[in-house]
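Subject: Structure handover

Hello,

I am passing this structure on to you.

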Amino acid sequence: MEAKRKLIGEDGLRLDGRAWDQLRPIKLEVGLLKNADGSAYIEWGKNKIIAAVYGPKEVHPKHQVLPDRALVRTRYHMAPFSVDERKNPAPSRREIEISKVIREALEPAVIVEDYPRTAIEVWVEVLQSDGGSRVAGITASSLALADAGINLRDLVVGCSCGIIEGQVVADLDDTEDKEGSGDMPVAIMPNLNNVTLLQVDGIYSREQFQQAFELAIQKGREVYSMQREALTKKFFGDGQPSTSEEVD
Amino acid sequence: MSMMKKNYVVETIRKAQMVELLAKGERMDGRAPDEHRPIKIQTGVIQKANGSALVNLGNTEVLAGVKIATGVPFPDTPDKGLLVVNAEILPLASAYAEPGPPSEEAIELARVVDRGVRESEMVDLTKLCLIEGKSVYTVFVDVNIMNVDGNLFDATSYAVVSALRTAKMKKYVVEDEKPKATDEVVPVPVERVPVSVTMARIGDALVVDPMSEEEAAMDMRITITTDDDGNICASQKGEASTISPEKVLEAADMSIRIGREIREKILEATR
Amino acid sequence: MIPGDVIARGDYRYGSYIEKRGDSYVALRVGLAEVGREGIKLNPLTGPYLPRPDDEVIGKVIDINGFGWVIDINSCFDGFLPASFVFGREFSPSTHDLTTKFRVGDIVGCRIESFERSRDPQLSIRGHGYGKIPKGEIIKLSPTKVPRLIGRRGTMINMISERTSCDVKVGQNGVVVVVGPPEGIVKTVNAIKMIENETHAADLAKKVEEYLGGAPVGS
């Protein structure tokens, strides 16, 4: 009988060589889609995800219009070729739940009262998935919303932590998520210091829970600085965003 | 998955400019009527897929992914592997695309591209048979339209062909009348390269590789797919209008000629 | 600034796209901030056009019903131009054919007459220079860049118009129509692209001036 594989080696390193608190490599790009009002692409480890925003725009069907604020619509969808075994393109229950939690993670940042009777649509498309795709999707969606020029209280950034072989680790990949004992995706608005997404899967002691939770927030803030960099790169070129300008 | 709502209205001024230029043999973006936009093909972009290709045809962007597994053959073709082509116009691709089950446009798109691949016998499906009547390779090609700027037919076709040409699969052998995976990785048995060429009619002129604005002004579209020998293996006329027999033959000649040139590009990109 | 950034602390007057949190003034959009004695201002670099009464906009007719024209004004809402505003008080759907004035696809210069929270913006074409725009080169740019394109008291747009010998109609909604000699149109389009891509450059006006050269086109 095959022994269960060890996720953390003798040297304390994980299967892909990372330390317990190390993030996978992350790459971000803003504004790559021509038609969307705002868009962003993220590579997070092996995850490859595109987020696009359309809006504010007219609401269809009309009966769903909200008189005093924008309706935020979100869809998280995985491409059939994004996972090991081909996935049927029709939305699964998992995708539907994730669509909902992503919407609820992003909405607090959107000043929906500024856009009554409109819809703001966020489309998250997972082209390749490898653990932590919902927080990666949220991180990209937040950039897409900023790219679209929608009034935001703050950006939203996420990171997932969990437990493998009794140890709290940051940023689980697909193997660690499947073979480990717990996963906790967390999303925050970094300046307002508010949590907008929290899900727990697994069993944590009170201590482990706090450890994983605080680690997720700390790592999320690291990803936030990458978000800033990506936005700065697109809008301000290679220079720093300026605080004053000569108006002609 | 989408309904391309027919409410992209082209400005009368733009349409007039289009027709005026076409009378001089020019188009809004400077192309000649029989000229296609720059084609960029990148393969192997999705490592978890057996094969993949990202195609840019001007601003139209399409991503195809191939997933290969084993399964049961169709009862009427017990000795052939399964090849399924599926297409989805993602809501992020256009302001006129909505999520939901595939629209008639998306289904037509997938079926026309599938016909081109199937009728040209691009993939020898008998080579994908493991145990006749019981077990075959199943090849799924799923296409995601990422950005719409006209001519989804050709962009999708090139992406499907490029993804299949560069796809690798685990080799299976038959042991004890069951398929067994080996560690060997082999390419998908691709024999030929079908190439589709789409033309739109604006006024009297036929323009190759229409962009969104030209599609909004067109009253007829025709897609013709040719194979390596210059044979026509698939064709589809679109839009509720008529086309004269002479124009059909003119279109056929254009697609054979242009198809040859594009085939070179695809072969180059998928070497 | 990116959304969530603190622009300044203290006690200031402040404009749109800024939120006051305690004694901090926070940016709500990606943009460039100005801090001065008169207050804090954030100039956004991206974002939709939201209709304001009296704005001049350039739109495209996308639908016609019995009572007026539905016009795409490049905003989150379509505008509506009532037939009675064009035909006058004697208008009646049975006696007046709306397509005799504007058809689907026509480009129309309008004014935002009113914009109430409960319905789509109402448009009018009263005033000099409004109405159907029969020809010209159409350019779209981000509505947030329109103030830069116009310039303080119109200096930028006037300079472009003079040097290119073109008539440049600018809608607040980011739609521009240029009429003039072909070489002038090319220069105008390029100047607009320059303004759109380098909005944050401190010496933008000078760059555009240099590009357009000294003598007006055709002289």
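Predicted model: local features only at pLDDT ≥ 70, side-chain atom pairs only at ≥ 80, totals over all residues.

Residues are numbered from 1 along each chain as its sequence is written, while chains are lettered from A and ligands numbered from 1 in the order in which they are written.

Contacts of chain C

Chain C places 31 residues in contact with 31 residues of chain A (C-beta atoms, placed from the backbone, within 7 Å). Two or more residues each come from β4 (31-36), α3 (155-164) and α5 (204-212) of chain C (DSSP runs numbered from the N terminus: helices are H or I, at least four residues, and strands E, at least two). Of the elements, β4(C) gives the most, with four residues.

A sheet in chain C

Three strands of chain C form an open sheet in the order β12-β14-β13, with antiparallel pairing (strands pair if DSSP finds at least two bridges between them). β12 (137-140) and β13 (167-170) of chain C are at the edges with a single partner strand each, so one side of each has no neighbour in the sheet. Four bridges join β12(C) to the antiparallel strand β14 (residues 175-179) of chain C. Ile139(C) has Val176(C) in β14(C) as its bridge partner.

Regards

Technical notes:
Contact = placed C-beta atoms within 7 Å.
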